[in-house]
Amino acid sequence: MRELQYDAVVIGAGAAGMAAALELDASGFTCAIIEREDHLGGILMQCIHNGFGLHEFSEELTGPEFAERFIERVTKSKIAVYLNTTVTQFAPAHSSPSASGSLKELYCVSPQGAMRIQSRAVLLAMGCRERNRGNVRIPGSRPAGIFTAGLAQRLVNIEGYIPGKEVVVIGSGDIGLIMARRMSWVGCKVKAVVEIMPYPAGLTRNIVQCLRDFDIPLYLSSQTTGVFGNDRVEGIEVTPMENGVLAPEKSFRIDCDTVLLSVGLIPENELSRAAGVELNSVTNGPSVDSSLMTNMEGVFACGNVLHVHDIVDWVCEESRRAGRYAAQWLRGERPSLQIRARAGSNVRYVNPARIAPERENRIYMRSMVVKNDAVLELRLDNRVLRSIKERHVQPSEMISFKIGPKDFEGLEFNSDSILEFCIS
Amino acid sequence: MEFDAAIIGCGVSGANIARRLSAYSIKTAILEKAADVSFGTSKANSGIIHGGFHHNKKYLKARLEIQGSLMFDQLRRELNFPFRRCGIIVAALHEEEMKAVEHLYMQGVENEVIGIELCSRQRILELEPKLSADTVGGLYAPGGGIIEPYRFVFALVESALKNGVELFTNFKVEKTSRNGDYWVIRAEDGREIKARYAINSAGLFADEVSKTFGAEEFTISARKGEYFLLDRLTKACPSKVVFPVPTSVSKGMLVIPTVEGTALVGPTADAVEDKNDFSTTTKRLEQILVSGKTMIPSLSQNDVITAFAGLRPCLGEDFYIEASKKAPAFVQVAGIQSPGLTASPAIGEYVKNILLDMGLQLTEKPGWDPYIEDRPLARGLNLNELDSLIAKDSAWGNIVCRCENVSEAEIVQAVKLGHTTLDGIKYFTRAQMGRCQGGFCTYKIIKIIMRETGLSWNEVTKHGGKSRILEASLDEIGMAQ
């Protein structure tokens, strides 16, 4: 069995993993990326639509084009890449702690054999998985023809198969919207998108470009209350919601042979959890400090494994920082003081969970409400530190801004201070 | 093709009968209407080896349950299916329920259940700390256990086939006739076999099969049981099977630790008209959560991976296992609902004896091999063991199912053993059974099936029949990029 050692190991070779690894490599640390699939680029490789890279490269790219720019740099770097390799377990190593935190040990399996890798830092960049039918408890029969939107995307865009003819998309997440358009393009009839909430879960641009342009009806405030068919899907039952409850007398049936599910994404943290990483119950990602470090010393998280992002550009931004913070940590640098960040009224979550007032912090947060002319308030121990005007907020659009030393100038705070984020 | 015995229906009863008969020098056929074995009632149930206290010994089902349960340890040594005697608890949530618990205890003592205990509140909470603080006491049967029912059936069938039994899948019995001492049994697709004795273990459809043979007329009614499957990371997974106090209709909704570390909650009990109705319902699924939480408060709906339903084949109060009084050389094995899985090894034995009484000559087969290959599983190996397997076959290093840690080698094995549908592979290997429910691995498994069987994309199904997965190929409609 092979035994290897690196300063840092990045788990996952999607946009997050590659962006983080490149920073570590640039900082002069030895670094490996472990990827279970047979290619770099992760799920971007099946996202053949465009719209990627507007922030990162100031141009509109397809998923594979976007990934290619990172893949090229990774290939030219000194980063060790292990493809077809699954990390089955990671844990603090048994051996004695080194100068900057204890070693971590990763168990990996590939067709070339098993490996044990020791490393000082571990960067979690495993991305997320799609929520499935069971997670949202859609009742009914269990025939063939029910796919998560991402699986359907894989089948059509990479494997070259069309999974059905008459399609209903349940949930209005971005992948579902993209797939509604994609299925129309390959000759399927997309009969409806059914969303339980009163507003769409996906980005506005996708509602316009993928549904309206193709005359695909979007049923909001509508729950899927049945699936019909024993061998193959024959239809679904949709029940409108009124005043927060189902109105069964208004149920109707839509005939279809295929159901695509786009009902949300869950950060894939089973490996992290098993290793002892604490998770935030709202994001399902690790709870991280201002350096994107988890409760486990030397274990960092970035990208969709930390929290589900709207766009890959922000995944890259966050992951580059994770790579730099990991490099700083490897050099023994630590922020002197961190204060806690907390989601206040109308805010679903704030990432990271700790802020270092001495340096610039990038905040990512999500609103719980749909609102025009909203005011975002930052309160340090109940004193308003800053107010930001937002023309429109909604849960599906992430809010991002920076706070830094200037915001804290002349203010008193200590390690018990709390920075609260509120929307009104 | 001529056989001495034809077993119609390959659920857990049929499989046990087939495996028992495989020990004798006779020719046995199994006729299964589905694409794979164990695709009916045997695939969707609680997967419990019962404690032997739920039924009075005056019933055949109670006697077979007690006898059957004792046979599992040896079967496990021979057939390596997942089985563990984790123990069974009945939890009473208020004092009145303790009366029923005492009744069950007395019945258990009468049934000579080994180690059965009546438990105080303190004792039962010590045995199962995850129980609600409202628990007032209960019952403990240490010999009760858990099993993966489909893998039990697969192992029995593999053993039977190894010893010369022949399996015909997609063989839906449509018509029968007598030809001298033989039954001529014809399938819907025209295939025909001849057999001297026929055994009706057709589960939900035993009534129809009985009619086809001109035997007794009876009606099997379906009673649906809905379940939730919980992620292995749930806090609510108990160490023992937790029963509520039973009602007159059913044993109630349980919380079950599965052998593979996940947990099941259910089943409900509702009569349904359609024997193909495996649908779940909002109303019942809500009830399951409420009921489960009453017993184990840490149960969370966030832990739900999937929901499913199974159908119990109901016929009166007891099992109906006897030689037909109407049709010659025909044995009825009908109405095998709970505790059918527990009783099934004893059913095999019982049916063998009926056949003997009917005049079937049974001489022990020289060289009968009770063992099947003990196959390693990637998830059960340490890194060094896995490394040496990979050195022999690199497919062991390709983890296809990330949630349940299933390697390509295991999926290839499943296909080679005849499990060529997505569901068959799921039940055999656990791939697609974890938290992503196949979101990441389905396309990989489709490709492995096509490669190993030579099936084309439009022949790959979820569970046989018309359950095709893919509708068109971009190549074939000229849309490939």
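Start by selecting chain A, which has nine helices and 29 strands; helices (H or I, at least four residues) and strands (E, at least two) are DSSP runs, numbered from the N terminus. Chain A has a radius of gyration of 23 Å, close to the 22 Å that the globule rule gives for 424 residues, so it is as compact as a globular protein of that length. That radius is taken over C-alpha atoms, and the globule rule is 2.2 Å times the number of residues to the power 0.38.

Before you click further, know that this is a predicted model, where local features need pLDDT of at least 70, side-chain atom pairs count only at pLDDT 80 or more, and totals for chains, interfaces and linings use all residues. To find your way, residues are numbered from 1 along each chain as its sequence is written, chains are lettered from A and ligands numbered from 1 in the order in which they are written, and side-chain values use heavy atoms, with hydrogens and water left out.

**Stop 1: chain A as a whole**

Of its 424 residues, 60% count as buried (buried means under 20% relative accessible area, exposed over 50%, partly exposed in between, with a 1.4 Å probe and protein chains only).

You'll find 46 positive and 50 negative side chains in chain A, and the centres of the two sets lie 1 Å apart. Lys and Arg count as positive and Asp and Glu as negative, while His and the chain ends are not counted. Each charge is placed at NZ of Lys, CZ of Arg, CG of Asp or CD of Glu.

**Stop 2: salt bridges**

Show both chains. Over all chains, the structure holds 61 salt bridges, each being a side-chain nitrogen of Lys or Arg within 4 Å of a carboxyl oxygen of Asp or Glu.

Select B:Glu471 and A:Lys165, whose side chains meet in a salt bridge (3.2 Å, N to O). B:Glu471 sits in the loop between helix 12 (442-453) and strand 23 (472-473) of chain B, and A:Lys165 in the loop between strand 11 (161-162) and strand 12 (166-170) of chain A, so this pair joins two chains. B:Glu471 counts as buried, at 15% relative accessibility.

Hop over to A:Asp407 and A:Arg386, another salt bridge, with the closest N and O atoms 3.0 Å apart. A:Asp407 is in helix 9 (residues 405-408) and A:Arg386 in strand 27 (residues 383-393), both of chain A, so the pair ties together parts that are 21 residues apart in sequence. Here A:Asp407 is buried at 17% relative accessibility, while A:Arg386 is partly exposed at 25%.

For a network, select A:Arg36, A:Glu37, A:Arg129, A:Glu268, A:Glu270, B:Asp231, B:Arg402, B:Arg435 and B:Lys444: salt bridges link them.

**Stop 3: backbone details**

Zoom in on A:Asn351 and A:Pro352, joined by a cis peptide bond with omega about 0 degrees. A:Pro352 is in the loop between strand 23 (347-351) and strand 24 (354-355) of chain A. In chain B, a cis peptide bond joins B:Ser338 and B:Pro339, again with omega about 0 degrees. Look for B:Pro339 in the loop between strand 20 (330-334) and helix 8 (340-357).

Next, pick A:Ser58, a residue other than glycine with a positive phi, near 50 degrees. A:Ser58 lies in the loop between strand 3 (50-52) and strand 4 (61-62) of chain A and counts as exposed, at 63% relative accessibility. B:Arg430 also has a positive phi, near 80 degrees, but B:Arg430 is buried at 1% relative accessibility.

**Stop 4: B:Tyr227**

Finish at B:Tyr227, in strand 13 (residues 221-230) of chain B. B:Tyr227 counts as buried, at 4% relative accessibility. Leaving aside neighbours within four places in sequence, B:Tyr227 is in contact (heavy atoms within 4.5 Å) with residues including B:Ala44, B:Leu264, B:Ile288 and B:Phe308.
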